[in-house]
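Biologist: I have a structure to go through with you. Could you take my questions one at a time?

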Amino acid sequence: MGENTKKTIKTIKVDMDKCNGCRTCEMICSAFHAVPKYSSVNPARSRIRLIRHPLRDIYVPVHAGEYVNAECAGRDKYVINGKEYEECAFCRASCPSREEFKEPDSGLPLTCDMCEGEDEPLCVKWCLNDALTYEEREEEVEEDEIKAQTEMEIGLEALADRFGLEKITDAVARMREKEQ
Amino acid sequence: MRYAETGFNLEIDLSRGNIERVESDPELTKHYLGGLGTNAKILWDRVPPEVEPFSPENVLIFSAGLLCGTPAIGCNRTIVSTISPQTKLMAFSMMGGFWAPELKYAGYDRVILRGKSPDLVYLWIKNDQVEIRDASHLKGLGATETAELIRQELNEPKAQVASIGMAGENRVYFASIEQGRSSASRLGIGAVMGDKGVKAIAVRGTKDINIAQPAEYLELCHEVMEYIKWRNDNPVPGVMTIMQGIGSPQEMKVHDEKWHTENFMWGNTRVRRKDFWNEEVEQQWTKTMDSMRTRFISCYNCPMECGATITPPGQPTYMMKCFSKLTYTMAAFSDLDFGLKIAQRATEYGVDGFSAPQVMAFAVELYENGILTDKDMSGMPSDNEGRFYWLLDRIVRREGIGDVLANGTYWAAKEIGGGAEEYAHNNIKKHEQLPLKLSMLNPIYFLMYCTGEKINITQIEGQFPQAPYPKREEREAFVKDWFQVPDEKFKQYFLDWEPRGENSNPYYPTVRMSCEIVDWQEMMHYIDDALGMCAGLSSFPLKPPYHIHNYPKFITAGAGIEMDEAKLTKAARRYRTLVRAVNIRRGMRRADEKPPENHWKKRFPELEKDLLDTYYRFKGWNNDGVPTKETLHELSLDYVTEDFIKRGILTDNDGDGLSDETSVKDKSK
Ligand code: SF4
Ligand code: SF4
Ligand code: SF4
């Protein structure tokens with residue numbers, strides 16, 4: 001058991017009533033995470049996705065959460081104010097059942113990192129309509145939990161799920177040989 | 001690497017079902033920028049003047065603006081260009097929404113359609129995979145319905161779809177192309193799409209758009225963002241509410257119906273109802289709007305929320321833009337409830353929200369005056385609103401009298417005869433105009449109405465206030481933070497402009513000043529249309545976030561094309577002149593450049609002649625509106641000269657005939 005430590009919980013409050021469907025959040029997130037920063041734009045790489053059905057008045061901005069290697073056994077539908085939201089609408093997982101939160105080319109999972117290093121998440125900053133607002137609070141947690149997976153680890157895990165750990169290890173070995 | 005643009009065009013020959021991905025020449029972008037500029041070049045090169053709008057040789061170009069898909073806020077326009085069936089001239093309507101950025105992300109700057117498909121088809125573009133698909137099951141369906149069905153059958157909820165309704169299929173001369181919350185409506189480009197047998201183009205893209213100088217570009221975007229916030233908190237005083245802010249006119253948000261209903265004309269642009277508005281109307285209309293409007297919505301990458309989803313009771317939801325909220329209402333002498341309801345059907349049919357109501361009001365007026373008879377109108381209900389629904393249904397199907405009306409008021413009047421031409425009284429270059437009739441000639445507006453080749457006043461006006469402010473202090477306050485002006489002299493022009501007396505309309509602004517003001521206003525629209533910027537954040541509102549001073553930086557940092565104000569001004573003048581060249585080659589001349597006869601009550605023939613003479617010279621055009629050899633040479637458009645000489649439009653020994661005082665060269669100092 002680790003010691004108790006303070007951890008900052010970062011929250012983005014999503015006010016779906018204020019969303020106008022502009023997808024600016026997707027645009028800027030993808031630009032921010034381009035290498036070098038802002039050198040390219042591609043909403044399909046963003047870590048926030050807008051689920052949008054204007055004719056049904058559905059606007060759900062969702063931030064990418066954990067990578068999972070299996071889809072849920074059952075699915076839910078939500079009805080709010082008479083509007084039926086599709087299965088998975090509010091789910092943040094990058095999972096095999098859908099296209100969301102995956103790199104378009106490699107299929108590798110994407111996770112929102114709260115725009116590490118910036119004062120404020122970029123999607124929040126660029127959403128001038130306050131559909132997204134940023135909040136921070138402190139919480140006590142046990143030390144062990146803090147270790148977040150790095151992006152690379154998540155990617156590796158996804159690859160391992162897809163191809164098997166053995167194949168990945170082989171490939172890495174081959175790559176190392178080439179480099180030497 | 002190409003920046004901001006993808007460097008690829010999609011060339012589709014519909015007759016042969018052939019699809020090609022063709023790399024474009026980067027030099028072309030330097031010269032014509034993209035969007036409208038490049039479209040004009042393609043039309044010049046490929047569509048000789050003998051080609052009829054409904055010929056397979058006519059091309060229909062869907063072009064994303066140069067900066068679409070980049071982080072530039074509000075840059076999302078698709079510029080659709082072709083030869084208009086109504087005016088027989090170049091049409092270049094644009095649409096906002098989401099289509100242009102999606103096309104960029106799919107890896108293309110534009111889609112160029114030629115030929116004609118034997119059967120109704122739709123195009124499906126997903127990155128490198130491009131298909132022509134059967135659309136026979138979509139025949140006759142509404143534009144919005146079609147988009148929904150296509151998304152469903154492709155299982156691509158994120159595909160952006162530009163589609164036509166029944167009006168486009170039946171080649172109605174004022175058919176629109178609809179796309180989500182936007183449409184390219186003017187000049188009948190939807191009819192050309194229908195003629196080509198294309199019901200829709202669906203796009204989905206998941207590729208990158210590159211930025212040349214990322215850090216600099218983002219900085220520019222941040223400045224624009226900060227200015228938008230500031231501007232939203234600081235409306236311009238002294239002008240009507242709808243003109244105070246930025247964005248496309250906030251028709252969905254602002255209850256400005258009083259102003260429009262009392263100042264715009266009702267019916268067939270005839271009747272002004274100065275005392276229309278009262279408390280009862282206000283209560284009723286406010287209730288209508290607030291009960292049907294579901295949500296304010298924006299285009300791609302824009303916070304301005306100029307559109308709204310509207311749900312009339314018992315009817316499907318649709319997305320409304322801008323002023324169509326009142327055009328049907330006022331054409332039919334009805335109320336907002338009627339206007340919002342019929343607009344739902346009109347959107348599905350895919351018709352222009354300006355022309356369609358006017359054509360119907362024109363028909364009603366002809367009927368009331370006995371020029372159209374019971375025989376022509378057999379089956380028409382007797383109640384006013386019923387008539388409009390009935391007429392709309394006939395027009396989009398081209399049934400009976402609808403077949404005649406479907407060509408717009410100009411051509412319909414000719415066909416109907418019996419004095420009908422007197423009733424088609426609100427056209428310029430055969431195209432229906434805003435329902436406005438005014439008293440005193442305004443020299444700036446005179447020039448814009450005459451020479452605007454988009455043939456729609458909202459697409460050329462904007463940067464200079466429409467009317468003088470009464471008090472000098474107000475004018476001084478206005479010019480204080482007016483940094484968008486290309487030259488300080490514009491501030492002085494405005495400061496000295498008085499509502500009455502010597503310095504008032506029609507002789508002030510002076511002829512020379514009017515030329516300069518019009519030239520500036522028009523240039524901003526042309527730049528927007530090349531870059532894909534929404535006019536609502538640039539050329540249309542007063543004191544906008546984008547202007548001649550920051551645009552060159554956007555182009556340099558975004559597209560990696562070295563740009564400054566002089567170069568950009570010249571590029572804009574180049575393709576603006578090329579648009580004119582396309583039209584001149586198709587027969588447009590000075591005689592076509594005039595406002596509707598009755599637009600102003602007080603006219604000044606001598607002054608008007610002087611205005612047009614001087615403006616032509618100022619632009620480097622001869623007295624018939626034809627760009628001179630010198631002008632064409634200066635703009636590297638010698639190929640136009642060659643063609644003009646071959647066709648006898650210019651002769652070998654045509655001097656430029658311009659006095660030095662007003663020549664283009666002089667102006668660019
Ligand atoms: S930026 Fe804001 S308003 Fe726009 S889609 Fe994202 S959450 Fe909605
Ligand atoms: S917080 Fe940052 S990483 Fe997360 S979705 Fe928003 S912009 Fe993307
Ligand atoms: S200002 Fe309005 S019309 Fe223009 S891009 Fe923004 S939301 Fe669309």
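Biologist: How do the residues of the shell around ligand 1 divide into nonpolar, polar and charged?

Modeller: The shell holds eight nonpolar, three polar and one charged. Ala, Val, Leu, Ile, Met, Phe, Trp, Tyr, Cys and Pro count as nonpolar, Asp, Glu, Lys and Arg as charged, and the others, Gly among them, as polar. This is a predicted model, in which local features need pLDDT of at least 70, side-chain atom pairs count only at pLDDT 80 or more, and totals for chains, interfaces and linings use all residues. Residues are numbered from 1 along each chain as its sequence is written, chains are lettered from A and ligands numbered from 1 in the order in which they are written, and side-chain values use heavy atoms, with hydrogens and water left out.

Biologist: Which residues are around ligand 1?

Modeller: Among them are A:C19, A:C22, A:R23, A:C25 and A:C127; the rule is a heavy atom within 4 Å.

Biologist: Moving on, which side chain meets A:R45 in a salt bridge?

Modeller: That of B:D208, at 3.0 Å from N to O. A salt bridge is a side-chain nitrogen of Lys or Arg within 4 Å of a carboxyl oxygen of Asp or Glu.

Biologist: Where do the two residues lie?

Modeller: The pair crosses between chains: A:R45 is in the loop between β2 (40-41) and β3 (48-53) of chain A, and B:D208 is in the loop between β12 (198-204) and β13 (209-210) of chain B. Strands are DSSP runs (E, at least two residues), as helices are (H or I, at least four), numbered from the N terminus.

Biologist: How many salt bridges are there over all chains?

Modeller: The count comes to 69.
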